[in-house]
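Here's a quick briefing on side-chain contacts, meant for someone who likes cut-offs spelled out. Have a look at the model first.

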Amino acid sequence: QLYLGDLVLLDEARRKQVDTNVQAAIERLRSFQAGDGGFSYWPGTGAVDQWASNYAGHFLVEARRLGYHVPDEMFDAWLAHQKQAASAWTAGGGESSANQSYRLLTLALADHPDIGAMNRLREAPQLGAMPAWQLAEAYAVVGLADAGRELMRAAGASTEKYDNVGETYGSDLRDQSIRLHALVRLGNRKEADPLAETLGHDLSSQNWYSTQSTAYGLMAMAGYVGGNPAYAPAKTG
């Protein structure tokens, strides 16, 4: 709903309803936040889920950027969790590179990038396409677009068809949405145009997609159509 106005024409009543819904979602997330600032998959459990922490935090970062009220104590606790987890991550340490790439992207978007951790992840063996795409966007966000473009070239464009919850609750549609998001940030319209056409067709079909796949797809499409200045293409650097 953060980007609904970039995709469809909203009258004043619907815009106010969106604002109400977004603010209610921010408040609802309080019940998912654990003591260390991370977020759980279910409310009130206190068990941090690292991907949920990335996903919920991403929402908070973007909501804050768009002018919604995010309580400082809630945001700062999440930020501290992300920084600690990013610093502690090691290749082969038991947590996926996908979790780390998303974490590093959220830190970059929050204007608290960890360049050292980004560089360590870049050198990790068997990084995988989807983490590379997210890491490429993180580099673009901090003004290192050339490093991002190099990662995108090395990672290629393909993902295998899949749809399972797993550690990152993903699907091939979600992963290609991540790729589109990165391509738009890097200003690569040549590759973004056909991908956006494919994703637009998939999203408008009668197929069932998970909340995350749909949300990431719509967010990527909103960035592609250019409605949100937060997704201006990165400059060379």
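What follows covers confidence, aromatic pairs, charges over rings and salt bridges.

This is a predicted model, so local features need pLDDT of at least 70 and side-chain atom pairs count only at pLDDT 80 or more, while totals for chains, interfaces and linings use all residues. Residues are numbered from 1 along each chain as its sequence is written, and side-chain values use heavy atoms, with hydrogens and water left out.

**Confidence**

- The chain has a mean pLDDT of 91, pLDDT being the predictor's confidence in each residue, from 0 to 100.
- 95% of the residues reach 70 or more.
- Helices here are DSSP runs (H or I, at least four residues), numbered from the N terminus.

**Aromatic pairs**

- Rings of Phe, Tyr and Trp (its six-membered ring) pair if their centres lie within 6.5 Å; planes under 30 degrees apart count as stacked, over 60 as edge-to-face and the rest as tilted. That rule gives five aromatic pairs.
- One of them joins W51 and Y102 in a tilted arrangement, 4.7 Å centre to centre with 50° between the planes. With W51 in helix α3 (residues 50-65) and Y102 in helix α5 (residues 97-109), the pair ties together parts that are 51 residues apart in sequence.
- W51 and Y102 are both buried, which is to say under 20% relative accessible area, where exposed is over 50% and partly exposed is in between (1.4 Å probe, protein chains only).
- Y102 also pairs with Y216, again tilted, at 6.2 Å centre to centre and 55° between the planes. Y216 sits in helix α11 (residues 211-225) and Y102 in helix α5, so this pair ties together parts 114 residues apart in sequence.
- Y102 has a relative accessible area of 1%, so it counts as buried. Y216 counts as buried too, at 1% relative accessibility.
- Elsewhere, Y41, W42 and Y169 make up one aromatic cluster.

**Charges over rings**

- A charge sits over a ring if NZ of Lys or CZ of Arg is within 6 Å of the ring centre and within 35 degrees of the ring normal.
- R64 lies over the face of F75, 4.0 Å from the ring centre.
- R122 has its charged end over the ring of Y139, 5.5 Å from the centre of that ring.

**Salt bridges**

- Count a salt bridge when a side-chain nitrogen of Lys or Arg is within 4 Å of a carboxyl oxygen of Asp or Glu. The structure holds eleven of these salt bridges.
- In one of the salt bridges, R30 meets E73, with the closest N and O atoms 3.6 Å apart. R30 is in the loop between α2 (12-28) and α3, and E73 is in helix α4 (residues 72-88), so the pair ties together parts 43 residues apart in sequence.
- R30 is partly exposed at 35% relative accessible area, whereas E73 is exposed at 52%.
- E27 joins in as well: E27, R30 and E73 are linked in a network of salt bridges.
- R103 bridges to E95, with the closest N and O atoms 2.7 Å apart. Both R103 and E95 are buried.
- E137 and R185 form a salt bridge whose closest N and O atoms are 3.1 Å apart. The pair links distant parts of the chain, E137 in helix α7 (residues 129-141) and R185 in helix α9 (residues 172-185), 48 residues apart.
- E137 is buried, and so is R185.

Definitions and conventions: Helices (H or I, at least four residues) and strands (E, at least two) are DSSP runs, numbered from the N terminus.
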